[in-house]
Amino acid sequence: MRKAGLRWVVAGVPALIAVGCATFPDPATTRQIAEKMVSEDFTAPTPALLKRLEQDRSQRICSRIGDAKLTQEEAAEVVRLARASIQYPASGKLVGDWKAGNTLAHDGAGDRLQGGRLEKRKENGGLCQNCHALAPGEINVGNVGPSLTGYGLQRGNSEAIAKLTYERIYNAWAYFPCSNMPRLGATRHLTPEQIAHLVAFLIDPASPVNKR
Amino acid sequence: MNSARRSLFKLTGGFFAIAAAGAAGMLRPVRAWTAPWNKAGFESKALGDALKSLGAASATESRDIVITAPDIAENGAVVPIAVTSRIPGTQQISIVAEKNPFPLAATFDIAGGGEGYVSTRIKMSQTSDVWAVVKADGKYFTARKEVKITVGGCG
Amino acid sequence: MAESMKIRATLQGDVADVRILMLHPMETGQRKDAKGEIVPLHFIQSVVVTLNGKTVLETQWSQAVSRNPFLGLRIKGAKAGDKIGVTWVDNKGDKRTDEAVVAPAS
Amino acid sequence: MPVARSGNVVLAVVCVATWGTAPAQSDDPLAVGRKMLAEDNPGELWIEQGKTLFHQKRGPKNASLEQCNFGLGPGKLDGATAQLPRYFPDTDRVQDLESRLVTCMVQLQGFNRDDIVKRAISPAGSNGSDVEALALYITSRSNGMKMNVSLSHQKEYDMYKAGEYLFYRRSGQTDFACVQCHGEANKRIRLQDLVHMTDKKGMQEVVSTWPAYRGGHFVVRTMQWRLYDCFWQMRLPELKYASDASIALITYLHYQGNGVVIKVPGFKR
């Protein structure tokens, strides 16, 4: 690791000389510099909201620079933490109301911070439409995630599928460690009841997602 | 920019207080010009009335009118529309967004030297047919094209 | 406050391709400002375009024309150096005139 | 690690089973509109304003910005943006265009930094801020020139690496870092194309088109706004205007974009 002292000397003298000894900092130094920025360069109305920037263990493991791959051990730990995080609705019902789920899936708002204020919302939107194709023929849908059109048609609506679907939404990393899919339940973006509505939206034969 | 996003919905959603505003005397016909501002047309709420106000109630469809516009507009607040009329003697082009609460958006009177071409940008509240109404040698012709409207952004 | 109008006129054969950008809120009478108050209806009702002082296009607009409006047109029989004049008037009676010269084909 | 492996298999199946129904990327139904809007860009209306603001004597010190040094010498604007961010000995900081602009408005014109920063990103319905117009004018003086950010000073190397680190740093309730949305080609949030920023061409597309006219906002927005807005959308705390974190990300972006010809204002839906 480069001596901090040297850097400050370098900083003072003309770049010409700096060229000679300046170089990319090592990962530890980079992390130290960048984390200092994270702690100083963002604002939020409350300390609790500022904590959103703090990474949990899984987020640290999943923040991989470039195409650095997960080791088997790391992936196993992410999966273990994810499985442990999953909670089910108090009612025990994993399949809610597909109509409520439909609304949720098309709602991309909630919980954003602007002008020193937290976006006021009774509950957060599900964000699904931003990244997934949903009902057949819908235009205004994203493609960051795989299409969910016909999700139930392909898988049916058995209890096993309902449970799998619930868990994938609650914490996708239990199945796809470090995937781009937010851990919507584990991070408390959605409540277990909201997720049950989304499960219904995906597997209920009456849901627009499963219209042919 | 939350409010900016909201204003986008407002713009594309309801920007049509014109009838009320007109009653409130906020609209002044522009007398400076030869043609008076078509108050009746701009305040009509239905395609048929808008066409009537232009005198185009019995217009015929024409393949010599080309509407250049996106199949899907990313932003209903800024929908680019260009109209080219190859009909000889084209003297007026109007742009009408059928499903807008007040369909008639703009009328262009073309005088000596002006070609049968205009291009502008309009607000559209929802997916709708856009009509081009062309007046040539006193006769009226129309063409239409559907423009799908989606509200952009993740919010 | 940005420039209130930008006119580009370029010759293509004997046709002048004219492109006009205007700074105007084109308020719909529906938008609420930061304080939640309705911004009154305010939009350009008419634009007149002239070639060497002779009217070639006269528009009537509603508030459905987008904010910071664009107007494109083509004028037959124009020559490099010809004067293009653009005047708009809005529903409050505000008026603005700008001029540009037709540039030779680039 | 059997669970995750079987999980990955499931994912593969999902993709194979469903990619077919994803909207085609070819013959983009949005293309016509984008072209028409970009051809006549209202953003151009702000260039003159920025020029006027640059030469006007303003602020408590009643001075213009003509002595402002963006790295090529006082008042030298041609190509200035193309070599930013860079290290400035007088502030002993790496600065991007906007943070340097703020420095000059404070030092030369005597404006209060907090006031400028508070107004830098203009509110909805306004005709834009001074900083937005100035940033556009100054960047327009690099139009036609190639992005050419160099890393020579140690703090420039540090900023680049910190920016890269932040680009991949996941946090918050969406578990997002920049790369979650900008790491692959032909991706969209709803209908909005996401620039592929782990690809040089994609990165160049970004850094050569800001400041840009934002169709939905009817004003010119800057790169500082672009980054702020991403963090807003990620549900993360608000990125401080002209902060080191923002400059680190911009250093990373611009250096990757080196070689691209600058063309502003861009037009963004």
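**View 1. The surroundings of A:His189 in the predicted model.** Leaving aside neighbours within four places in sequence, A:His189 is in contact (heavy atoms within 4.5 Å) with A:Gly110, A:Asn124, A:Gly125, A:Leu127, A:Leu184, A:Gln194, D:Gln173 and D:Arg235. This is a predicted model, in which local features need pLDDT of at least 70 and side-chain atom pairs count only at pLDDT 80 or more, while totals for chains, interfaces and linings use all residues. Residues are numbered from 1 along each chain as its sequence is written, chains are lettered from A and ligands numbered from 1 in the order in which they are written, and side-chain values use heavy atoms, with hydrogens and water left out. A:His189 lies in the loop between α10 (159-170) and α11 (192-203) of chain A, where helices (H or I, at least four residues) and strands (E, at least two) are DSSP runs numbered from the N terminus. A:His189 counts as buried because its relative accessibility is 2%, the term buried meaning under 20% relative accessible area, with exposed over 50% and partly exposed in between (1.4 Å probe, protein chains only). The side chains of A:His189 and D:Gln173 are joined by a polar contact of 2.9 Å; such a contact is a pair of N or O atoms within 3.5 Å, and within protein one must be able to donate a hydrogen and the other to accept it, residues adjacent in sequence counting only if both atoms are side-chain atoms.

**View 2. The interface of chain A and chain D.** Here 83 residues of chain A are in contact with 63 residues of chain D, and the two chains bury about 6400 Å² between them, 58% of it on carbon and sulfur atoms. Buried area is the accessible area (1.4 Å probe) that two parts lose on being put together, summed over both. Two salt bridges are found across this interface, each being a side-chain nitrogen of Lys or Arg within 4 Å of a carboxyl oxygen of Asp or Glu. A:Arg183 forms a salt bridge with D:Asp175, with the closest N and O atoms 2.6 Å apart.

**View 3. Strands that pair between chain A and chain D.** Strand β1 (residues 42-43) of chain A and strand β7 (residues 238-239) of chain D run antiparallel and are joined by two bridges, strands being paired if DSSP finds at least two bridges between them. Within this pairing, A:Thr43 stands opposite D:Glu238.

View 4. Chain B has four helices and nine strands, and buried residues make up 59% of its 155 residues. Strand β2 (residues 65-68) has a covered face, B:Ile65 and B:Ile67, and an uncovered one, B:Val66 and B:Thr68. This strand of chain B pairs with strand β4 (residues 79-85) in the antiparallel sense over four bridges, and B:Thr68 stands opposite B:Ala82 in β4(B).

**View 5. The interface of chain C and chain D.** In this view 15 residues of chain C are in contact with 15 residues of chain D, and about 1400 Å² is buried between the two chains, 52% of it on carbon and sulfur atoms. C:Glu3, C:Leu21 and C:Arg67 supply 39% of the area that chain C buries against chain D, more than any other three residues. There are two salt bridges between chain C and chain D, and the side chains of C:Arg8 and D:Asp40 meet in a salt bridge at 2.9 Å, N to O.
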